[in-house]
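Student: I would like to go through this model with you. Can we take it one question at a time?

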Amino acid sequence: PIISCDIHPLTNLRELRHLVHELKLSEEQKNAWIRHWISEGLAGLEAHLARDTGCLFSIDSDAHAPGQLDFLSYGAERAEAAGIEPERIVNTWPIDRLLDWANG
């Protein structure tokens, strides 16, 4: 099974600039806002659908700018909180296993 969730507006540069320039949020406040809405947007999905239906996972940052590469840690935190075992996260696999699966 494949499940996709998109909270793309949270990494949209126009919206992030609005938070900083118009609303005058600090970097820490902006990141707290992002974490809150990612958490809200994904609440329960991994635990109730993806995990329980046997999905495999790939964690990435969905970065659209160098400063967003740190978002990878949010995905890792969500996987850990949802109880996703590392063996179900494809980008933790040894390259040979990953290639066999991808070519399978």
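Student: Which residue forms a salt bridge with Asp 52?

Tutor: This is a predicted model, in which local features need pLDDT of at least 70 and side-chain atom pairs count only at pLDDT 80 or more, while totals for chains, interfaces and linings use all residues. Residues are numbered from 1 along each chain as its sequence is written, and side-chain values use heavy atoms, with hydrogens and water left out. A salt bridge is a side-chain nitrogen of Lys or Arg within 4 Å of a carboxyl oxygen of Asp or Glu. For Asp 52, the closest N and O atoms are 3.0 Å apart, and the partner is Arg 51.

Student: Is Arg 51 buried, exposed or partly exposed?

Tutor: Buried means under 20% relative accessible area, exposed over 50%, and partly exposed in between (1.4 Å probe, protein chains only). Arg 51 has 28% relative accessibility, so Arg 51 counts as partly exposed.

Student: How many salt bridges are there in the whole structure?

Tutor: Side chains of opposite charge can pair when their charged atoms come close. A search of the whole structure gives the count of salt bridges: 3.

Student: Which helix holds both Lys 30 and Glu 27?

Tutor: Lys 30 forms a salt bridge with Glu 27, with the closest N and O atoms 3.2 Å apart. Helices (H or I, at least four residues) and strands (E, at least two) are DSSP runs, numbered from the N terminus. Lys 30 and Glu 27 are 3 residues apart, about one turn of the helix, and both lie in helix α2 (residues 27-42).

Student: How far apart are the closest N and O atoms of Arg 88 and Glu 85?

Tutor: Arg 88 is buried, with a relative accessible area of 15%. Glu 85, at 32%, counts as partly exposed. Arg 88 and Glu 85 form a salt bridge, and their closest N and O atoms are apart by 3.5 Å.

Student: Which element has the lowest mean pLDDT?

Tutor: pLDDT is the predictor's confidence in each residue, from 0 to 100. The chain averages 81. Helix α5 (residues 95-103) has the highest mean, 95, and the lowest, 69, belongs to helix α3 (residues 45-50).

Student: How many helices does the chain have?

Tutor: From the N terminus on, the elements run α-α-α-α-α. There are 0 strands, and the number of helices is 5.
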